[in-house]
There are 2 protein chains.
Amino acid sequence: MTENEIMDRVPEAVVRRLPRYYRYLQALESMEEERVSSLKMSHDLGLNASQIRRDLNCFGGFGQQGYGYSVSKLKGEIETILGLNRSYQLIIAGVGNIGHALLNYPNFEKRGFQIAALFDIRPELIGKAYGNLVVQNGKEIETIAKTLGADIGVIATPKNAAQEVADSMVAAGVRGIWNFAPVEVAVRRGVCVENIHLNDSLYSLCYHMAAEDHLSELL
Amino acid sequence: MTENEIMDRVPEAVVRRLPRYYRYLQALESMEEERVSSLKMSHDLGLNASQIRRDLNCFGGFGQQGYGYSVSKLKGEIETILGLNRSYQLIIAGVGNIGHALLNYPNFEKRGFQIAALFDIRPELIGKAYGNLVVQNGKEIETIAKTLGADIGVIATPKNAAQEVADSMVAAGVRGIWNFAPVEVAVRRGVCVENIHLNDSLYSLCYHMAAEDHLSELL
């Protein structure tokens with residue numbers, strides 16, 4: 001199957017589970033495991049074994065009866081589907097707490113994500129060095145990101161600046177926006193947005209806690 | 001409809017959209033908007049208007065033909081369903097970059113989430129003050145969290161410490177875990193886990209970018 005044929009066949013719900021499989025296979029690989037069965041995956045990941053088999057069948061990751069999957073082959077296939085068989089240049093707008101957390105997040109570079117530029121509009125931060133990077137003026141995102149050929153723009157600014165930053169990044173040609181600001185940003189067709197909204201995640205947790213309370217009242 | 005009856009009726013996919021509706025209604029309320037139509041919501045949120053009407057009908061948020069929804073009433077209903085009509089005591093394990101980001105995240109307290117304790121195992125951090133809070137020894141999570149009656153435990157530690165921290169939090173009686181460590185944690189039945197895995201989110205973004213490339217090759 002070609003990569004393009006695979007893309008046509010993988011449903012969104014499966015895509016959402018792939019990063020988790022990928023992370024799991026990386027862990028197995030680092031422990032020098034060569035093969036893994038869907039039963040072991042099911043046990044370790046807390047997912048149904050037949051769902052795992054169906055998910056992996058979507059892109060031709062066929063296990064052998066009694067032998068399971070080859071860890072390195074399966075990991076390689078998922079890597080290709082996720083588009084992780086290449087490297088990406090990231091630029092970060094906003095060097096506050098989230099920006100710092102990302103700068104210090106382990107393994108971004110090892111996984112092929114290179115932070116290529118930092119931007120902020122606060123005068124006290126412009127010119128400040130973090131490792132090899134110097135914070136640049138947020139007004140110059142478009143020019144600098146275009147020169148760098150940045151792939152992904154990270155928005156780690158307060159919410160009132162998010163749309164303007166997104167516009168500059170898109171004008172510079174980034175094809176993906178990773179948005180940490182608690183607001184939706186609008187982009188032109190063809191640009192992808194992935195949001196990390198901390199409050200939404202916390203609200204979901206509260207919902208599930210309230211639902212558990214309700215359940216335990218019924219029992 | 002009682003709260004319990006509502007809980008039985010709201011599908012998971014709707015639940016995932018509720019925080020976004022909630023955030024949107026908060027914004028409308030802060031602009032002193034009293035009513036909103038599903039068409040305006042559809043336009044502002046980029047969702048299908050009939051889907052919005054169906055979602056809101058799930059919990060009795062009926063709009064009036066030609067008048068739309070009452071912003072404050074709808075916000076109040078969603079708040080109750082999400083379990084946000086009460087306050088929560090959070091404890092944070094790990095005062096690294098993620099921990100700092102959370103300490104400085106605006107509006108947690110305003111939204112009813114009170115950070116009640118900080119923990120770390122690094123000797124140079126134990127005893128350090130952040131606002132009213134002093135970093136306490138990570139070995140004492142269970143005792144201290146139990147005394148505080150903490151509701152939610154936040155795991156912002158490196159991944160190799162995550163399970164042990166989760167175990168202490170669950171033993172202390174927390175009913176929700178908000179996990180930022182890039183690893184799954186196992187908990188007993190009745191305890192809820194919400195994961196924020198930054199790498200997974202970045203991988204999903206890359207997948208969608210790769211899928212867009214594939215689409216543009218076809219055109």
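Glu32(B) lies in the loop that runs between α2 (12-30) and β1 (35-36) of chain B. In this predicted model, Glu32(B) has a positive phi of about 60° although it is not a glycine. Most residues other than glycine have a negative phi. Glu32(B) counts as exposed because its relative accessibility is 70%, and the cut-off for exposed is over 50%.

Glu32(A) occupies the loop between α2 (12-30) and β1 (35-36) of chain A. The phi of Glu32(A) is positive as well, near 60°. With a relative accessible area of 69%, Glu32(A) is exposed.

In one of them, the rings of Tyr88(B) and Phe113(B) have their centres 5.5 Å apart and their planes at 15°, so the pair is stacked; the limit for stacking is under 30 degrees. Tyr88(B) belongs to strand β3 (residues 88-93) of chain B and Phe113(B) to strand β4 (residues 113-120) of chain B, so this pair ties together parts that are 25 residues apart in sequence. Tyr88(B) and Phe113(B) are both buried.

In chain B, the charged end of Arg86(B) sits over the ring of Tyr88(B), 4.0 Å from its centre.

## Ile152(A)

Ile152(A) is part of strand β7 (residues 152-155) of chain A. Its relative accessibility is 0%, so Ile152(A) counts as buried. Ile152(A) and Ile177(A) are 25 residues apart along the chain, and their C-alpha atoms are separated by 5.7 Å.

Leaving out residues up to four places away in sequence, Ile152(A) touches residues of both chains. In chain A these are Tyr88(A), Gln89(A), Leu90(A), Ile91(A), Phe113(A), Val174(A), Gly176(A) and Trp178(A). In chain B they are Leu202(B), Leu205(B), Cys206(B) and Met209(B).

## Ile98(A)

Ile98(A) sits in helix α6 (residues 97-103) of chain A. Ile98(A) is buried, because its relative accessible area is 17% and the limit for buried is under 20%. Residues up to four places away aside, Ile98(A) touches Ala156(A), Phe180(A), Leu198(A) and Ala101(B). Ile98(A) and Leu215(A) are 117 residues apart in sequence and 36 Å apart in space, C-alpha to C-alpha.

## Helices α7 and α8 of chain A

Two packed helices are described by the angle between their axes and the distance between the axes. For helix α7 (residues 141-148) of chain A and helix α8 (residues 159-171) of chain A, the axes come within 8 Å and cross at roughly 35°. The crossing of α7(A) and α8(A) is right-handed.

On the α7(A) side, the contact is made by Ile141(A), Glu142(A) and Lys146(A). These meet Val165(A), Ser168(A), Met169(A) and Ala171(A) in α8(A). The residues of this contact divide into four nonpolar, one polar and two charged.

Definitions and conventions
Residues are numbered from 1 along each chain as its sequence is written. Chains are lettered from A and ligands numbered from 1 in the order in which they are written. This is a predicted model: local features need pLDDT of at least 70, side-chain atom pairs count only at pLDDT 80 or more; totals for chains, interfaces and linings use all residues. Side-chain values use heavy atoms; hydrogens and water are left out. Axes are lines fitted to C-alpha atoms, for helices over the stretch in contact, and angles run from 0 to 180 degrees between N-to-C directions. Helices (H or I, at least four residues) and strands (E, at least two) are DSSP runs, numbered from the N terminus. A crossing is left-handed if the near helix is turned anticlockwise from the far one by less than a right angle, and right-handed if clockwise. Contact means heavy atoms within 4.5 Å. Ala, Val, Leu, Ile, Met, Phe, Trp, Tyr, Cys and Pro count as nonpolar, Asp, Glu, Lys and Arg as charged, and the others, Gly among them, as polar. Buried means under 20% relative accessible area, exposed over 50%, partly exposed in between (1.4 Å probe, protein chains only). Rings of Phe, Tyr and Trp (its six-membered ring) pair if their centres lie within 6.5 Å; planes under 30 degrees apart count as stacked, over 60 as edge-to-face and the rest as tilted. A charge sits over a ring if NZ of Lys or CZ of Arg is within 6 Å of the ring centre and within 35 degrees of the ring normal.
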